[in-house]
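Please keep the sequence and the coordinates in view while reading.

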Amino acid sequence: MRTKALSHAIAFLKPSVSILLIVLGAAFQSSSWGASSLVGVMALSTETTITGQPATLGSVVRSGDSLNVGNGAAEILMGKGTRIVLGRDTQMSFERKSDEITAVVSHGDVSLYGFKAGLSFRLRAGDVSILPSPGFDTQALIRVADSAVV
């Protein structure tokens, strides 16, 4: 019985994953990373808003947007295999300065995976900035609580 339910769940999710990958591919191919305000695409979103609007699977995140996660989680797929995962009660915004996008964490937990040099992006919390190291995948976990970076 459990195997049959799992098979149905996988069959149900396959079209959603395929659509997300098509949207993500089209979004990144339609514009150059450095010349676009595109940050990424939501791959997971529970109790999350983008600039006050409910975030759903496939929602596009752009510079200037702010993300607020309530009692849920969010994951953003970015260029070159980079992923950002936001934990519950997290607030983060994106800003553009010349050709670089900066994610600013004001509260909560953020994990960064597969961050590569060549991506015009940095993660900032308070006075701490994280940039990729050339030749290496950079991973990070940041927690901001009561204005302290841990």
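**A loop proline and the fold around it**

Pro132 sits in the loop that links β9 (128-130) to β10. The model is a predicted one, and in it Pro132 has a relative accessible area of 16%. Pro132 is therefore counted as buried, the cut-off being under 20%. Ser120 is 12 residues away from Pro132 along the chain, and the C-alpha atoms of the two are separated by 9.6 Å.

The fold as a whole comes next. The protein contains one helix and 11 strands, and their order along the sequence is α-β-β-β-β-β-β-β-β-β-β-β. Of its 150 residues, 37% count as buried. Among the contacts with a separation of 6 or more, 42% are between residues 24 or more positions apart. The exposed surface comes to about 8400 Å², of which carbon and sulfur atoms supply 58%.

The mean pLDDT is 78, and 74% of the residues reach 70 or more. The lowest confidence belongs to helix α1 (residues 2-29), with a mean of 47, while β4 has the highest, at 96. Over residues 16-35 pLDDT stays under 50, and the model has 29 contacts beyond four places in sequence for this stretch.

Next, the interior. In soluble globular proteins, nonpolar side chains tend to be buried together. Here the largest nonpolar core has 27 residues, and the members that touch the most others are Ile76, Ile84, Leu86, Met92, Phe94, Phe121 and Leu123. At least two core residues come from each of β1 (38-50), β4 (66-77), β5 (83-86), β6 (90-97), β7 (100-115), β8 (121-125) and β10 (138-145). The largest contribution is that of β7, which gives six residues. Leu86 shows what such a position touches: leaving out residues up to four places away in sequence, its contacts are Leu67, Val69, Ala73, Ala74, Ile76, Met92, Asp109 and Val110.

One of these contacts, Asp109, also takes part in a salt bridge. Its side chain meets that of Arg143 at 2.6 Å, N to O. Because Asp109 belongs to strand β7 and Arg143 to strand β10, the pair ties together parts that are 34 residues apart in sequence. Both ends are partly exposed: Asp109 has a relative accessible area of 23%, and Arg143 has one of 44%.

The structure holds five salt bridges. Another of them joins the side chains of Arg83 and Glu75, with an N to O distance of 2.8 Å. Which end of this pair is buried, and which is partly exposed? Glu75 is buried, at 16% relative accessible area, whereas Arg83 is partly exposed, at 31%. A further bridge is formed by the side chains of Arg88 and Asp89, at 3.6 Å, N to O. Arg88 counts as exposed because its relative accessibility is 51%, and the cut-off for exposed is over 50%. Asp89 is partly exposed, with 38%.

The last stop is the loop between β4 and β5, where Thr82 lies. Thr82 has a relative accessible area of 1% and so is buried.

Conventions:
Residues are numbered from 1 along each chain as its sequence is written. This is a predicted model: local features need pLDDT of at least 70, side-chain atom pairs count only at pLDDT 80 or more; totals for chains, interfaces and linings use all residues. Side-chain values use heavy atoms; hydrogens and water are left out. A nonpolar core is a set of buried Ala, Val, Leu, Ile, Met, Phe, Trp, Tyr and Cys residues joined through side-chain atoms within 4.5 Å. Buried means under 20% relative accessible area, exposed over 50%, partly exposed in between (1.4 Å probe, protein chains only). Helices (H or I, at least four residues) and strands (E, at least two) are DSSP runs, numbered from the N terminus. Contact means heavy atoms within 4.5 Å. Accessible areas come from the Shrake-Rupley method with a 1.4 Å probe; for residues, only the protein chains shown count as cover. pLDDT is the predictor's confidence in each residue, from 0 to 100. A salt bridge is a side-chain nitrogen of Lys or Arg within 4 Å of a carboxyl oxygen of Asp or Glu.
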